[in-house]
Amino acid sequence: MSLFGVHPIATIGVLTGVVNLLLETFNPVSLAIVIVTGAISTLPVGSYGLVVQLTSMNTGQIHIGLHG
């Protein structure tokens, strides 16, 4: 849904309403694999995501905390 400009929180809201219908049609294990894979695939593409934060911390390019 993000291709159409829908916010991720709104996507989760829609998905929770539709998941019961999907469970009747699809295997729950397959559906869980698709949801987890989709969630994990967003990590490397986010500009301030987890991978970017960890890389910048390990290379010394970011400092956590307040500097006076």
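pLDDT is the predictor's confidence in each residue, from 0 to 100.

**Figure 1. Confidence along the predicted chain.** The model shown is predicted. The mean pLDDT of the chain is 78, and 78% of the residues reach 70 or more. Helix α2 has the highest confidence, at a mean of 86, while helix α3 (residues 50-58) has the lowest, at 79. Where pLDDT is low, the predicted coordinates should not be read in detail.

**Figure 2. Overall make-up of the chain.** The chain holds three helices and zero strands, and its pattern along the sequence is α-α-α. Of its 68 residues, 4% are buried.

Figure 3. Helix α1 covers residues 8-25, 18 residues in total. From first C-alpha to last, α1 reaches 24 Å, which is close to the 26 Å expected at 1.5 Å a residue. At valine 18 the helix α1 bends by about 45 degrees. The number of buried residues among the 18 of α1 is zero, so this helix lies largely in the open. The cut-off for buried is a relative accessible area under 20%.

**Figure 4. A nonpolar surface patch that includes isoleucine 35.** Ile12, Leu15 and Ile35 form a nonpolar patch on the surface. Together these three residues have about 240 Å² of accessible area. Isoleucine 35 belongs to helix α2, which runs over residues 28-40.

**Figure 5. Exposure of isoleucine 35.** Is isoleucine 35 buried, exposed or partly exposed? Its relative accessible area is 39%. Buried means under 20% and exposed means over 50%, with partly exposed in between, so isoleucine 35 counts as partly exposed. The residue sits in helix α2, the helix with the highest confidence in the chain.

Note on methods
Residues numbered from 1 in each chain as written. Predicted model: local features only at pLDDT ≥ 70, side-chain atom pairs only at ≥ 80, totals over all residues. Heavy atoms only, no water. Patch = residues over 30% accessible without salt bridge, like charges linked within 9 Å, V, L, I, M, F, W, Y side chains within 5 Å. Areas by Shrake-Rupley, 256 points an atom, 1.4 Å probe, with all protein chains shown as cover. Salt bridge = Lys/Arg side-chain N within 4 Å of Asp/Glu carboxyl O. Helix = DSSP H or I, 4+ residues; strand = E, 2+ residues; numbered from the N terminus. Buried < 20%, exposed > 50% of the residue type's maximum accessible area, 1.4 Å probe, protein only. Expected span 1.5 Å × (residues − 1). Bend = angle between axes of the 7 residues up to and from the residue.
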